[in-house]
Amino acid sequence: MNRTILRGRTLTFRRAPEAIDDSDAWSFEEDGGLVVENGVIVAAGAYASLPRGADDVVIDHRPYLIIPGFIDAHAHFPQMQVIGSYGAELLDWLNNYTFPAETRFASEAHAAQIASAFLDEMVRQGTTTSAVYCTVHPQSAEAFFAESERRGMAMVAGKVMMDRNAPDALTDDARRSYEDTKALIGKWHGRGRLSYAITPRFAITSTPAQLEAAGALAREFPDCHVQTHLSENRAEIAFTNSLYPDCGDYAGIYERYGLTGRKSLFGHSIHLSEREADALSESGSVAVFCPTSNLFLGSGLFDYQRYRRRAKPLRMAIATDVGGGTNYSMLRTLDEGYKVIAASGEKLDPMRAFWQVTRGNAEALSLAESLGSLEKGRFADLVVLDTRATPAMRLRMETVTTLAEELFLLQTLGDDRAVVETYVAGRAAKSALGV
Ligand SMILES: [Zn+2]
């Protein structure tokens with residue numbers, strides 16, 4: 001049997017590091033390797049210790065780092081032509097830029113073109129899995145899933161459900177959103193490496209009847225994810241609470257309709273009260289940190305370390321939130337995340353940061369059994385990184401002596417130029433783009 005051996009400096013995490021010197025949390029091999037067969041890692045460790053066959057093909061990536069592919073826990077593929085829109089906070093940004101752009105996804109051809117561009121961009125950035133919002137149009141989800149399947153990528157996605165406070169061209173109704181979602185789940189959930197996320201956009205754009213329908217879907221299909229937005233900006237929170245005056249607070253709305261739980265991903269979750277944070281913690285829901293978006297839209301500072309250390313800690317993920325976010329790169333996202341946390345008087349160490357964008361996000365998406373680490377039995381979804389990718393990085397590397405320093409340099413100065421190759425299920429996907 002023809003197998004591939006990828007040789008390089010391998011780094012993978014076993015669990016979340018508690019500190020920068022908590023080296024039991026990870027495994028690093030200066031001369032490491034992975035044996036890949038049918039897209040899956042069948043052996044990993046020191047290169048010299050790997051089982052070898054006469055027909056094995058060795059690809060030598062030394063001195064580059066090989067780590068699990070990046071995972072982005074929240075992004076909007078229809079917003080590729082919205083990213084970098086000037087001068088608005090959340091609600092105006094939606095009305096002035098995002099909603100008009102999303103109306104174009106009624107066209108299947110447009111949806112297919114942007115889905116393809118989005119996945120190309122993911123591969124260029126070393127991201128192998130994303131949790132993605134499509135538009136209200138079922139054909140936008142069809143296009144995204146079809147293109148993801150063609151590339152063999154593990155993607156989580158769903159059509160947004162919205163039936164108020166949006167242009168007519170972007171609204172469905174409770175019944176239609178239920179039926180369209182159910183049909184998409186039947187066709188795509190669990191097919192290849194795809195997962196469906198039931199996606200009420202947020203409470204403002206859903207009537208109580210539609211959130212009821214979303215909750216019914218979550219009960220009917222407990223394997224599916226739920227993704228939505230929560231507590232992003234002050235004006236949004238006030239408007240939301242005025243629409244649902246009987247729910248107590250914003251998180252209470254999603255609780256009321258059965259939308260919290262271990263597969264629920266709450267984008268932003270910035271301004272949570274202690275009660276809301278307890279509610280997320282107790283239900284095992286995931287708070288998704290979107291640093292570039294939170295800064296760009298002026299939404300606020302996500303308190304990662306407080307959420308992590310509180311008596312009832314939150315499960316957390318980190319994400320680009322493109323196109324409210326300003327960069328597709330998870331390295332750029334970590335850089336901005338570090339600064340947001342620093343502004344709260346805390347630090348996020350680079351070992352924890354690289355755990356978060358790989359295994360941490362895989363655990364948050366309940367996908368750690370199949371991806372997010374370099375362990376036997378996981379898909380060979382990988383990114384190969386060059387810490388000397390630019391002249392400035394090369395110069396700075398001359399003074400770097402530890403792995404933690406190297407990772408911190410990578411997240412501070414690195415971007416897509418540091419991505420040498422991206423493997424999707426063992427296939428060299430970046431070089432296949434011809435870039
Ligand atoms: Zn979002």
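**A tour from ring faces to the zinc site**

Select Arg 191 and Trp 188: Arg 191 lies over the face of Trp 188, at 4.2 Å from the ring centre. A charge sits over a ring if NZ of Lys or CZ of Arg is within 6 Å of the ring centre and within 35 degrees of the ring normal. The model is predicted, with local features requiring pLDDT of at least 70 and side-chain atom pairs counting only at pLDDT 80 or more, whereas totals for chains, interfaces and linings use all residues. Residues are numbered from 1 along each chain as its sequence is written, and side-chain values use heavy atoms, without hydrogens and water.

Next, select Arg 7, which is placed over the face of Tyr 47, 3.7 Å from the ring centre.

Proceed to Phe 77 and Phe 105. Their ring centres are 5.5 Å apart and their planes stand at 85°, so the pair is edge-to-face (rings of Phe, Tyr and Trp, the last by its six-membered ring, pair if their centres lie within 6.5 Å; planes under 30 degrees apart are stacked, over 60 edge-to-face, the rest tilted). Both Phe 77 and Phe 105 are buried, that is, under 20% relative accessible area, with exposed over 50% and partly exposed in between (1.4 Å probe, protein chains only).

Finally, select the zinc ion. His 74 (NE2), His 76 (NE2), His 229 (NE2) and Asp 321 (OD) coordinate the zinc ion at 2.1 to 2.5 Å. Of these residues, His 74 is buried at 2% relative accessible area, and Asp 321 is buried at 4%.

Conventions
Donors are N, O and S atoms within 2.8 Å of the metal (3.2 Å for Na, K and Ca); water is not among the atoms, so sites may look incomplete.
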